Amino acid sequence: MRKWHRWLSIFFGIFILWIAITGVLSQVAVLWPSGAAAEQVAASPPPGFVCPEGWRCMPPRPQGGMRSLVGLFHHLHSGESFGPVGTVISVLSGLALVFFSFSGIWLYVQMWRFRSKRALAPRWFWK
């Protein structure tokens, strides 16, 4: 298991880092403060607009600055910008992250058991 964990981490580590960075950037772009004037304009519906019954009508978000990059960051994050190959790599990277989580826990439990069999002091972390 350790061999698979090490070799796959070399390849998928780059893609997981890419996905993590673009995911954080997309959230930062959404949370980035925009001007108060833009919020005021966006809060009022256009003249004559009536929200249909049963619909949840939201005013459009102001576009500009960092918020205009949300779509770009989403396409980079999901791999859509690189076509089907990018999407497949994104999905495989997500599956690799699940594998690394479980295999890392498995390796830790095995090291813990090995340490307890040798009658060493049980610790959460060791050298």
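Trainee: Start with helix 1 and helix 3. At what angle do they pack, and how far apart are the axes?
Mentor: This is a predicted model, so keep that in mind. Helix 1 and helix 3 pack at about 160°, and their axes are 9 Å apart.

Trainee: What does that make helix 1 and helix 3, roughly parallel or roughly antiparallel?
Mentor: Roughly antiparallel, because the cut-off for that class is over 145 degrees. The crossing of helix 1 and helix 3 is left-handed.

Trainee: Which residues make that contact?
Mentor: Helix 1 supplies Trp-18, Ile-19, Thr-22, Gly-23, Leu-25, Ser-26, Ala-29 and Val-30. Helix 3 supplies Val-70, Phe-73, Leu-76 and His-77.

Trainee: Which residues of helix 3 are buried?
Mentor: Phe-73, Leu-76 and Ser-78. Helix 3 itself covers residues 70-78. Its buried residues pack against helix 1, residues 2-31, and helix 4, residues 83-117.

Trainee: Tell me about Ser-78. Why does it count as buried?
Mentor: Its relative accessibility is 16%, and buried means under 20%, so Ser-78 qualifies.

Trainee: And what is Ser-78 in contact with, leaving aside neighbours within four places in sequence?
Mentor: Gly-86, Thr-87 and Ser-90. Take Ser-90: the C-alpha atoms of Ser-78 and Ser-90 are separated by 6.1 Å. Along the chain they are 12 residues apart.

Trainee: What comes just after helix 3?
Mentor: Gly-79, with a positive phi of about 85°.

Trainee: New topic, helix 4. How many residues does it have, and how far does it reach?
Mentor: It has 35 residues. From first C-alpha to last, helix 4 reaches 51 Å. That is close to the 51 Å expected at 1.5 Å a residue.

Trainee: Which of its residues are buried?
Mentor: Gly-86, Ser-90, Ser-93, Ala-96, Phe-100, Ser-103, Leu-107 and Arg-115. The buried residues of helix 4 pack against helix 1 and helix 3.

Trainee: What follows helix 4?
Mentor: Ala-119 does, and its phi is positive, near 60°.

Trainee: Back to packing. How do helix 1 and helix 4 cross?
Mentor: At roughly 135°, with the axes coming within 9 Å. Helix 1 and helix 4 are therefore oblique to each other. Helix 1 passes helix 4 in a left-handed crossing.

Trainee: Which residues of helix 1 and helix 4 make the contact?
Mentor: From helix 1, take Arg-2, Trp-4, His-5, Leu-8, Ser-9, Phe-12, Phe-15, Ile-16 and Ile-19. From helix 4, the list is Ile-89, Ser-90, Leu-92, Ser-93, Ala-96, Leu-97, Phe-99, Phe-100, Ser-103, Gly-104, Leu-107 and Met-111.

Trainee: What about Leu-17, buried or exposed?
Mentor: Exposed, because its relative accessible area is 53% and the cut-off is over 50%. Leu-17 is found in helix 1.

Trainee: How far is Leu-17 from Ser-93, C-alpha to C-alpha?
Mentor: They are separated by 9.7 Å. Along the chain, Leu-17 and Ser-93 are 76 residues apart.

Trainee: And Val-28? Which helix is that in?
Mentor: Val-28 lies in helix 1. It is partly exposed, with a relative accessible area of 32%. Val-28 and Met-66 are 38 residues apart in sequence. In space their C-alpha atoms are 8.1 Å apart.

Trainee: Now zoom out. How many helices and strands does the chain have?
Mentor: Four helices and zero strands. Along the sequence the pattern reads α-α-α-α.

Trainee: What share of the chain is buried?
Mentor: Buried residues make up 18% of the 127 residues.

Trainee: Last one. What share of the contacts comes from residues 24 or more positions apart?
Mentor: They account for 63% of the chain's contacts with a separation of 6 or more.

Notes: Residues numbered from 1 in each chain as written. Predicted model: local features only at pLDDT ≥ 70, side-chain atom pairs only at ≥ 80, totals over all residues. Heavy atoms only, no water. Buried < 20%, exposed > 50% of the residue type's maximum accessible area, 1.4 Å probe, protein only. Helix = DSSP H or I, 4+ residues; strand = E, 2+ residues; numbered from the N terminus. Contact = heavy atoms within 4.5 Å. Expected span 1.5 Å × (residues − 1). Axes fitted to C-alpha atoms, helices over the stretch in contact; angles between N-to-C directions. Parallel < 35°, antiparallel > 145°, perpendicular 65-115°, else oblique. Left-handed = near helix turned anticlockwise from the far one by under 90°.
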